[in-house]
Amino acid sequence: MHLSKVLKPLSDCSTGELFVIQELKLEGVMRRRLLDLGFVKGAEVSVLQRSPLGDPTAFRVSDTTVALRHEESSKILGEVLGGA
Amino acid sequence: MNVKKIALAGNPNTGKSTLFNTLTGLKQHTGNWPGKTVVHAEGNVQYQGQEYLLIDLPGTYSLFSNSTDEEVARDYIVFEQPDATLVVVDGTSMERNLNLALQVLEMTDKVIICINLIDEAEKKGIVIDEGKLSSKLGVPVVKISARNKQGIDTLLDTIARLLRGDIQTKPYRMTYQPEIEEQIKKLESRVRELIGHDYPSRWMALRLLDGDDALLKKLHEQIQMKGREVKSYEFGNAINS
């Protein structure tokens with residue numbers, strides 16, 4: 001992990017971007033649930049599509065599409081790898 | 001005849017129910033789990049003169065009881081103690097699926113990993129070395145395609161050999177950080193004093209560290225049901241201290 005890089009929440013990524021998870025700022029059941037769904041440190045997430053009203057957003061993680069609300073995705077921190 | 005119970009666990013959409021249907025055919029009974037709006041299906045299979053009762057557990061990503069489905073699946077494996085648990089994993093998405101497999105390995109020794117959708121995986125160019133996976137996980141690994149009835153005989157044969165004791169398992173158990181391991185050690189011996197050797201004490205200790213209150217209650221009820229002489233206050237004290 002590059003310390004110089006500032007971590008950004010997943011919710012700030014735009015459609016098409018590829019993101020690598022570094023940290024989950026969540027505790028308890030929701031953390032457990034996200035880990036079970038594949039949102040683990042080091043996992044690559046791509047942003048697929050935002051719903052018409054902007055929330056939730058569909059993400060692709062370990063070969064599955066999962067939709068998360070801003071409430072959760074804003075607490076998943078990491079770096080953008082690429083994409084547009 | 002002594003009917004052997006085989007539980008089917010797995011993530012949603014791994015073809016668990018396809019396998020269940022392939023194995024049991026029309027000899028199925030469906031209903032709900034007692035007191036739960038979760039579908040319960042069981043069916044019989046005969047193989048080499050042995051009768052098996054297959055139980056199709058709800059498809060889950062995890063067994064930490066975040067939902068009723070997970071609770072049903074977990075309780076069945078831990079409390080009902082099937083003779084074997086088949087963990088059905090999706091061959092095209094191993095990483096995600098092995099999460100559940102590792103959890104089941106922490107709960108019981110009698111596990112077979114069943115890699116389904118192997119035809120799909122091969123089409124996608126995914127090569128799975130089941131021998132290597134088996135030696136890493138310490139349990140048998142069988143590749144199947146439930147839809148094409150591929151590998152079913154090998155699977156049934158593996159189940160039979162596991163239950164006969166021809167296959168010895170040594171399930172992979174996660175080693176946690178030293179602090180956690182130390183706490184597990186402390187709790188595990190006390191857990192064993194309370195529940196004996198019939199239940200997975202290491203796993204129970206882990207759940208206690210996780211603060212799983214509902215499980216504690218269940219465990220307590222289970223012990224009372226079995227008529228063990230553990231008085232509730234003793235139980236409470238042991239856990240609280």
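A: **The two domains of chain B**

The centres of domain 1 and domain 2 of chain B, taken over C-alpha atoms, are 27 Å apart. Domain 1 covers 4-164 and domain 2 covers 178-240, with bounds that come from an automatic or database domain assignment. Keep in mind that this is a predicted model, where local features need pLDDT of at least 70, side-chain atom pairs count only at pLDDT 80 or more, and totals for chains, interfaces and linings use all residues. Residues are numbered from 1 along each chain as its sequence is written, while chains are lettered from A and ligands numbered from 1 in the order in which they are written.

In chain B, 7 residues of domain 1 are in contact with 7 residues of domain 2; contact here means that the C-beta atoms, placed from the backbone, lie within 7 Å. On the domain 1 side, the elements giving two or more residues are α2 (68-80) and α3 (94-107) of chain B. Of these, α2(B) supplies the largest share, 3 residues. (Helices are DSSP runs of H or I, at least four residues, and strands are runs of E, at least two, numbered from the N terminus.) By type, that side of domain 1 splits into 3 nonpolar, 2 polar and 2 charged residues. Nonpolar covers Ala, Val, Leu, Ile, Met, Phe, Trp, Tyr, Cys and Pro, charged covers Asp, Glu, Lys and Arg, and the others, Gly among them, are polar.

What about the inside? The largest nonpolar core has 57 residues, and Leu8(B), Ala9(B), Val87(B) and Val104(B) are among those with the most contacts inside it. At least three of its residues come from each of domain 1 and domain 2 of chain B. A core like this is a set of buried Ala, Val, Leu, Ile, Met, Phe, Trp, Tyr and Cys residues joined through C-beta atoms within 7 Å, and buried means 20 or more other C-beta atoms within 10 Å of a residue's own, against 12 or fewer for exposed and in between for partly exposed, with C-beta atoms placed from the backbone. Zooming in on Ala9(B), its contacts beyond four places in sequence include Ala73(B), Ile77(B), Leu100(B) and Val104(B).

Stepping back, chain B has 10 helices and 7 strands. Its radius of gyration is 18 Å, close to the 18 Å from the globule rule for 241 residues, so chain B is as compact as a globular protein of that length. That radius is taken over C-alpha atoms, and the rule is 2.2 Å times the number of residues to the power 0.38. Of the 241 residues of chain B, 38% count as buried.

How values were computed:
Contact = placed C-beta atoms within 7 Å.
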